[in-house]
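Colleague: Could you take a close look at the loops of this model and walk me through them in one connected account?

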There are 2 protein chains.
Amino acid sequence: MEGDFVALHFDVEVKYLVQKNVTKRRRRSPDERKGASLKFIPLGGVGGIGKNISVLEYGDDILVIDCGLMFPDEEMLGVDFVIPDPAYLLANKERIRGMVITHGHDDHIGALPYILPELDCPIYATRLTLGLIRSRMEERAPKYELKAKEIQAGDVIDLGCFKVQPFSVCHSIPDGVGYAIHTPLGVVLHTGDFKLDPTPIDGRATDYALLASLGTKGVLLMLSDSTNVERDGFTPSERMVGKTMEQTFRLYKNKRIIISSFASNLHRVQQVIETAVRFNRKVALIGRSMIANVARARELGYMGVDDDVFIQPSEIEGFPNNRLVVITTGSQGEPFSGLVLMSRGDHRFIKLGPKDLVVISALPIPGNERLVHRTINDLFKQGCEVIYEAEQNIHVSGHASREELKMMLSLIKPSYFVPLHGEYRHLVKHKQLAEEMGVPAKNAFVMEEGDVLSITKRQARISGKVPAGAYIVDGRTYGDMKGGLLGERKGLAEEGVFCISVVLDSSGNVIAPLSIESRGFLHRVDADELYRQIEDAVEKAVKAFAREKRERKDEDLASRIRSAIKGVLRRYSLSSPVILVLINEVKENAILSGLAGREYAK
Amino acid sequence: MEGDFVALHFDVEVKYLVQKNVTKRRRRSPDERKGASLKFIPLGGVGGIGKNISVLEYGDDILVIDCGLMFPDEEMLGVDFVIPDPAYLLANKERIRGMVITHGHDDHIGALPYILPELDCPIYATRLTLGLIRSRMEERAPKYELKAKEIQAGDVIDLGCFKVQPFSVCHSIPDGVGYAIHTPLGVVLHTGDFKLDPTPIDGRATDYALLASLGTKGVLLMLSDSTNVERDGFTPSERMVGKTMEQTFRLYKNKRIIISSFASNLHRVQQVIETAVRFNRKVALIGRSMIANVARARELGYMGVDDDVFIQPSEIEGFPNNRLVVITTGSQGEPFSGLVLMSRGDHRFIKLGPKDLVVISALPIPGNERLVHRTINDLFKQGCEVIYEAEQNIHVSGHASREELKMMLSLIKPSYFVPLHGEYRHLVKHKQLAEEMGVPAKNAFVMEEGDVLSITKRQARISGKVPAGAYIVDGRTYGDMKGGLLGERKGLAEEGVFCISVVLDSSGNVIAPLSIESRGFLHRVDADELYRQIEDAVEKAVKAFAREKRERKDEDLASRIRSAIKGVLRRYSLSSPVILVLINEVKENAILSGLAGREYAK
């Protein structure tokens, strides 16, 4: 299949063909020929937060860890989300022994509907994680039948030459695991997303005993979460939030309480529900993902709450204020989310006012600040009280801070270290931290997507690069980020579009008045004068082109006309919209016979 | 002029006509007829950070305070910046006795080039502020001759019935003032942007003595900066940054040091230069506004530094690393700024590497986080050390925190209070703070743009609204925010544009193949099939339209064709680009005679 087209057949209507020159197997280095080299390749999750996916290879065996998506930044205009480029996995799919997943957040499972059906390999995850994966697949790839295996901490799974041992880690979603992967060269330890909360809500702490015993026996390579490497100290326990909730419920005992959080933060949701029960309040859930996640967690036994705690959204209005808690999505100010609709007075089931307290139990993800602040401003305009980021302990992170990262490094004492899950600066800071903890600088690697780290018994080094990068998903269409799409949209966004059609006869004469349309372009004054100048410019361009008697190609003429118009617009308004020129040629007999262009063209 | 067109004649090439129904003088209330009412109208600077401008009115006299711009958020696609709607001032310009300016930041002076030439009133500011105003005017309204009066703290200026008394306030730019405005009803106190730094760099502290004495005599209305109302405690002194700089220079004595800051933060720049001199380093300035502001400050005597401290940017490379400090713009990650060019290796005078330390001496303004973080990541990729927001005391704010706001309220003890300079939530929090400090809730007002606060001897109340809002400036064109421009650009940005031209004869037959262009729209697969489907749809639409034998209007036909295409694209790719349909009609004799369309049309 070398140099061939790789077709991605997903359960979506439009298929997008990608030409990739991916060598199925790279040329083997001396190490490889001896069969003694272990390879680690992050295909995503380094140099940016999100789309986590890593590959571990030894001989003929490949193990994939996680398969997440990334939310687009503002410059990715109109893009729904971003997934990892699957080319390398597709080209090597028959070597993939399985995929293991650390936890059920979208940045670790969200790309599965787009990539897993193509790989069609077995997938391993804990019960709740698998439940959330099933939800994603049902939504976006309903025809694919998962080859899923439920696992739990303590299991050992044989995948080719790899013995994979999941272990408990504590994070902002239940049932998270890290993996100790026993390879012929030694143990690879992947922390997953973790914190070292000593008092977790579900009593399921990060497994220090196992980590310590692995560390004592010796770990070859450690892969660790870098998200919070810029934060000093320890991340507070999730229970802190519970205490703050308790105080808040006591202080605002006559108000209706609305709490917004991530739908996936089931520990948080559970704490709110438990506090509500203690304060004799009922709970209403708002937001599709909030309702779905709570249902999934209860169905799988992750949330022991009676049915009669809940009321329907339609029952909210009329229910006594001091007897009700509403839990909703929208903590990131997402348009059309529960909280945002409420903040604008547009929610059909709930109208906010001075009787309400709104608690935003989350921090804005970098880049979402303006949306979140706008939502807070709008909530104040509705007259309600709002508790948000400025206040203490209404949110804690799910990721380890510097002291926890140091503790993890001191437990594991790895021979080699690769920081994962961070932007470039996080990875550099985490590498520096590892050096402080005794990992030699030459054994800690800041990697970029597609980099291949080759480890032999004697050494580790970046030995090459495989194709990796980002795919954009836009509606049911998706494609390579490198395409011109985003650049084109940026041009349209900033300057608007100016569109003109020119009708010529076959001798190249203009035979109809120009037709012009524009959008997003300020030209409302002196439109007649602008039109006259453009007519002049187009006519001159057409005539000059004809005079040169070169063989006429519509493209050449169009670009000539485009330049002429560009000059007029620049002089006229100092603006440079995207200019589209449509050339239409009418053959003489078409008009005489009254034939449709299409028939004529045949 | 009631209901008339108001033409804005600025020193720009394009004029944009605005139709405004602004009553020149509102119908007088009973208060007004007695001549006993003082009015305060914020035309900007409330409900958003930026474009600060306020109006004070009594009888026939109007005083304007500040005239700033606002930087656009990401949703204002391609907009350079936003200025206040000047309609109310234009309609009442003959009553304006003058404009007074608090300090030289763009959110207080940036709209002057667009608005002042129209009002043509005298403008009062301190020396440095006036210098910066002159720079702005030279850049953007060079033909207008300023009626400028230099003032200083301690002066008293008579403007109609108002006696205006500027007083020193400390802020992140030198020469800032607040105003005590003596009116027939009592004193109005405008704090400007301020902090209560006890150890300011220029020894010019906020004038507590005057504030205390005004407070003792009684202040009618206090208008106060709300920017930092969410921050507890006191804002640290600017001198803290000096100490941190000192330590940094000591610690990194063998590195070349690059420091990025706001060009307007002249105290900061001065501290860096003084530290450089103490450590026997030369200084190079990078960035147009950095060079211009330092030149202006030195020329006006605000920065006592010898010429031989500076070297030219072209001399940077080759200069010994440990003898040089580079001060540059770009602390907000602005594209094409000094620091961003360096971070990408694109600056023509300086190449960064492991020999460099970069200090970003500013915090990201909310909304700029991603740009700033990208710049930091890129700097790490260049291999340099970077000190940024995560570190302590490399930046302090220029605005008062909660304890300072409380101190100001306790000094002034105003009868009425209006928080300015903040988003809605800041204003609400500042009103709550004033209430804690003893201002009765009914005497503190959260105002929106254009709200009129009427104060008589007996009471104050919001008595009405005048036109106010935002104008966008885009190249040399500007217009009302409410226009469809931004909505149009959003559509183009998110979905792209699909453009088609149809050529008809006068009987409505399609007489040429369709011509199609698109941008920013994913349709690269099966383009032929898409084209065929569109041809079918257009043909059907044209025929159906003809059958109905209604009088043909190109708009009706175009919208019919647009709907047909919309359906095809939606089915084809679940996408909905902006669709532009250009209809061209060719008259029979045009083609026979070979006449150009334009001549034919005559």
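**Residues in loops**

Modeller: A:Phe234 lies in the loop of chain A that runs between strand S14 (221-225) and helix H7 (238-251), where helices (H or I, at least four residues) and strands (E, at least two) are DSSP runs numbered from the N terminus. This is a predicted model, in which local features need pLDDT of at least 70 and side-chain atom pairs count only at pLDDT 80 or more, while totals for chains, interfaces and linings use all residues; side-chain values use heavy atoms, without hydrogens and water. Residues are numbered from 1 along each chain as its sequence is written, and chains are lettered from A and ligands numbered from 1 in the order in which they are written.

With a relative accessibility of 48%, A:Phe234 counts as partly exposed (buried is under 20%, exposed over 50%, partly exposed in between, with a 1.4 Å probe and protein chains only). Together with A:Tyr208 and A:Met407, A:Phe234 makes up a nonpolar surface patch of about 270 Å² of accessible area (Shrake-Rupley, 1.4 Å probe, only the protein chains shown as cover; members have over 30% relative accessible area and no salt bridge, with nonpolar side chains, namely Val, Leu, Ile, Met, Phe, Trp and Tyr, joined within 5 Å and like charges within 9 Å; a salt bridge is a Lys or Arg side-chain nitrogen within 4 Å of an Asp or Glu carboxyl oxygen).

A:Phe336, in the loop of chain A between strand S17 (324-328) and helix H10 (338-343), has a positive phi of about 70° although it is not a glycine, and A:Phe336 is exposed at 73% relative accessible area. In chain B, the loop between strand S3 (38-44) and strand S4 (53-58) holds B:Lys51, whose phi is also positive, near 35°, in a residue other than glycine; B:Lys51 is buried, with a relative accessible area of 4%.
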